[in-house]
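Hi everyone, thanks for coming. Let's have a look at this one together, and please keep the structure open while I talk.

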Amino acid sequence: MLQIRDVLWGFLYIACAAAIQVQVTPTHREISVGESKFFLCEVVGDAKDIDWFAPNGEKILPNNPNIQVSRNDETTSTLTIYHADVDHAGIYKCVAKNGDKEAQATVQVKIFQKITFKNVPSPQEFNEGDDADIICDVVGSPVPFILWKHKGVRIQPNKDVRYNVMENGHLLIRGIKKTDEGPYICEARVMETGEINFKMIDVVVNVLPTIRARQSEVNATADMGGSTLLACDADGFPEPSVTWTYNNVILESGDKYSLNEDGSELVIKDVVKVDEGDYTCTARNKAGEMSQEVSLNVFVQAKITYLNNQTATEFDKEVTLTCEASGDPTPSISWSFQNRMFSEGEQSHDRNIVVRSHARVSSLLLKNVDFTYAGQYLCSASNSIGQDTQPVYLEVRYAPKIMGVVTVYTWEGNPANISCEVEAHPGASVTWFRDGLQVPSDNTTNLKLYSTPRISYLEVFPESQSDFGSYNCTASNVMGIESKEFLLIQAEVPSSPKIQRLEPFSSSAVVEFDEPDSSGGVPIIKYLVEWRLDGQDWTGKEYDANEDLMSITIHNLIPNTNYEVKMSAINGKGEGESSAAVKFKTGPIREPSAPKLEAMVQNQGNALKVNWIKQDDGGSPIKHYLVRYKAKHVSDWKPEIRMPRGSEYIVLSGLDWNTEYEIRIVAVNQKGKSEAGILSFTTATEPTTMPGASGSGLSTGAIVGILIVVFFVLLVAVDLTCYFLNKCGLLMCIAVNFCGKAGPGAKTKDIEEGKAAFTKDESKEPIVEVRTEEEPTHNQEGVVATEPNETTPLTEPDGMTKDDVKMDANNTAAEVKTVPNEAAQTNGNESKA
């Protein structure tokens with residue numbers, strides 16, 4: 001039985017025996033990159049030739065490896081696309097001919113490609129200061145939009161002129177710094193489909209070596225078998241290697257030279273005069289190299305060759321110390337004793353010390369010898385490369401001399417040491433006497449002796465009043481004898497301090513006082529402050545005494561209440577009398593006192609730590625603190641900050657550089673707010689500045705002018721091309737497509753040549769749309785609605801609203817989409833002549 005389709009084709013063939021009909025199945029198709037698809041061209045009528053034409057208008061030949069054409073039989077031909085590439089997209093045309101008869105049909109092929117990273121090396125290395133081109137080559141269809149992130153934060157070139165995302169998606173960092181080092185994310189997004197993918201790139205910034213000689217000029221001593229060190233410290237990244245050269249010869253470790261592990265230190269052994277000269281240290285790494293010169297001067301070091309100790313007796317007429325030295329250059333000789341320096345031509349004010357020098361010899365003459373002249377003297381010989389210092393000792397023999405405090409205070413039951421300090425040479429023997437009798441004796445138990453080479457201590461444990469009084473210390477040696485009386489006195493408790501001023505507040509009071517007229521002979525160790533309500537028991541607190549203690553603050557008082565206060569001093573013996581009681585009344589509950597502010601600059605220079613010292617709370621606990629601040633040159637304050645009641649400081653960071661700020665802090669209790677504590681502060685000057693655009697570049701006006709000229713030249717070139725190819729210029733094409741005006745003979749030509757499947761502008765290039773597998777859907781606002789999946793973020797790109805996303809897509813050449821002209825799509829029937 002005949003099929004209806006065969007009958008229809010038969011009637012159509014009989015009715016149009018003189019005509020040819022062509023149909024391509026399917027009429028359009030979407031292919032993924034790498035896939036293979038075929039298309040069937042069926043011809044009704046006698047067709048001698050069935051040919052396929054590529055989107056560029058060229059006939060597809062049989063030897064094409066990726067796109068093949070095969071004639072199946074007299075009425076069909078197959079077009080097969082193997083391993084599709086994005087270049088294969090477009091409108092393919094099947095043309096059937098028989099003599100002067102011709103018919104054609106088209107098929108539109110769309111090819112899409114997922115995001116693919118072609119060339120993303122990691123790590124990528126750059127030299128500090130260079131313009132770094134971070135490579136990230138991405139392909140996809142539609143063309144993906146590239147954004148960059150550094151340490152998780154999106155790079156925004158419009159906010160930092162150092163960054164620029166180039167047309168090829170690479171990231172350009174102008175004048176890259178060491179701080180720019182680290183992981184970067186190259187993220188590709190296809191706005192139409194919501195596809196997203198990224199690659200991590202490690203960026204390494206190599207730093208050109210810097211090298212610094214520890215000493216640019218080094219002096220060494222010759223002919224002494226010694227060594228000298230030349231050192232250069234190098235910095236850079238990667239860690240640079242250091243080499244040394246002398247007279248253009250690279251030095252290596254051996255008998256003459258020694259290098260440490262990193263080459264920074266060169267040791268020259270057995271230094272001689274010929275080693276003198278300039279040595280060059282060079283630091284090298286991937287970023288380059290840098291050199292520094294170190295000059296070695298070789299001299300003969302000064303050396304003391306003669307110096308003898310001397311002995312004298314106190315009251316001798318004079319004694320001479322002699323010092324001889326050698327060296328080249330000739331050394332100068334100086335003397336020192338304790339903290340005094342003596343040089344050539346100097347003498348003391350009393351003319352008892354004189355320095356005399358001749359050539360390499362110096363003499364120190366001491367007249368009218370005193371026991372204080374005894375001790376170590378230093379002779380120093382120095383020249384341009386260093387010095388030699390050696391001690392010489394002057395021994396002075398003298399009778400004992402007793403020193404020390406003669407009055408000692410204590411009290412019954414408290415032991416005290418009486419110190420007898422003796423200066424003598426030779427050393428003296430010391431004996432203690434009490435009322436002419438040597439102590440301690442066998443029948444005394446409250447006296448003990450302790451001795452050091454210079455001091456004899458008599459420890460007295462007073463048991464009664466009779467133990468106080470005079471004690472005699474006698475010292476003797478071969479040069480003489482000396483005695484001294486020491487007094488042991490009964491200590492007393494201190495007198496009372498004097499309250500000079502009392503300032504009451506709501507819950508506290510400040511007591512200012514003068515120390516007692518008498519400490520009782522021993523130091524005051526504490527002060528006792530006592531206060532009470534009228535008619536109630538005293539409450540007290542002890543405070544450690546020190547030289548700066550001139551006022552004491554009493555806390556936790558009841559507001560609006562009468563009190564009285566008194567003070568007493570305490571020493572080792574006990575508590576002294578109290579001062580007269582002073583009455584006062586605390587203030588009513590009120591607002592707190594204004595906080596006292598102290599500021600401390602933080603390390604970065606534009607941050608400030610503000611401390612507030614605890615103030616009177618006005619008789620009611622502090623609820624919180626309110627902090628306000630602003631730059632002085634503006635009128636608006638920053639938003640008020642509330643700090644909890646236990647707070648003691650606040651850190652204000654991110655302040656503008658080189659700007660004066662005013663900070664105000666108030667304390668709040670249940671009564672209200674205190675007066676503001678006010679502090680003014682100026683931030684430091686910014687340590688580094690953003691690199692500006694190169695001054696050698698073209699001005700904006702020049703760039704705009706160049707772009708206009710280039711656009712005009714391209715417009716003319718395209719217009720001429722269109723004219724020669726289609727007999728219609730670009731301006732006429734625009735008029736035909738957008739203004740509805742027909743070109744001369746356009747309709748007749750289309751009908752005669754059967755080219756209705758092309759676009760209205762007569763171009764032989766079909767309009768192509770390349771997109772991914774699934775057509776994106778649009779919401780009512782025209783924004784692409786992307787279906788999230790396991791690898792797609794549920795949010796817009798960092799820091800971008802939907803409008804921003806659309807704006808970025810519109811401004812990025814990589815995301816421009818060419819929309820097919822619907823008028824250019826025809827079916828087989830429309831190609832009918």
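Predicted model: local features only at pLDDT ≥ 70, side-chain atom pairs only at ≥ 80, totals over all residues.

Phe371 has a relative accessibility of 21%, so Phe371 counts as partly exposed; that class lies between buried, under 20% relative accessible area, and exposed, over 50%, with a 1.4 Å probe and protein chains only.

Residues are numbered from 1 along each chain as its sequence is written, and side-chain values use heavy atoms, leaving out hydrogens and water.

Now to the aromatic pairs. Rings of Phe, Tyr and Trp (its six-membered ring) pair if their centres lie within 6.5 Å; planes under 30 degrees apart are stacked, over 60 edge-to-face, and the rest tilted. How many aromatic pairs does this rule give? The count is eight.

One of them is stacked: Tyr246 and Tyr279 have ring centres 4.2 Å apart and planes at 10 degrees. Tyr246 sits in strand β20 (residues 241–246) and Tyr279 in strand β24 (residues 277–285), so this pair ties together parts 33 residues apart in sequence. Strands here are DSSP runs (E, at least two residues), numbered from the N terminus. Both Tyr246 and Tyr279 are buried.

Back to Phe371 and Tyr398: their pair is tilted, 4.8 Å centre to centre with 45 degrees between the planes. Phe371 is in the loop between β31 (361–367) and β32 (375–383), while Tyr398 belongs to strand β33 (residues 386–403), 27 residues apart.

Technical notes:
Helix = DSSP H or I, 4+ residues; strand = E, 2+ residues; numbered from the N terminus.
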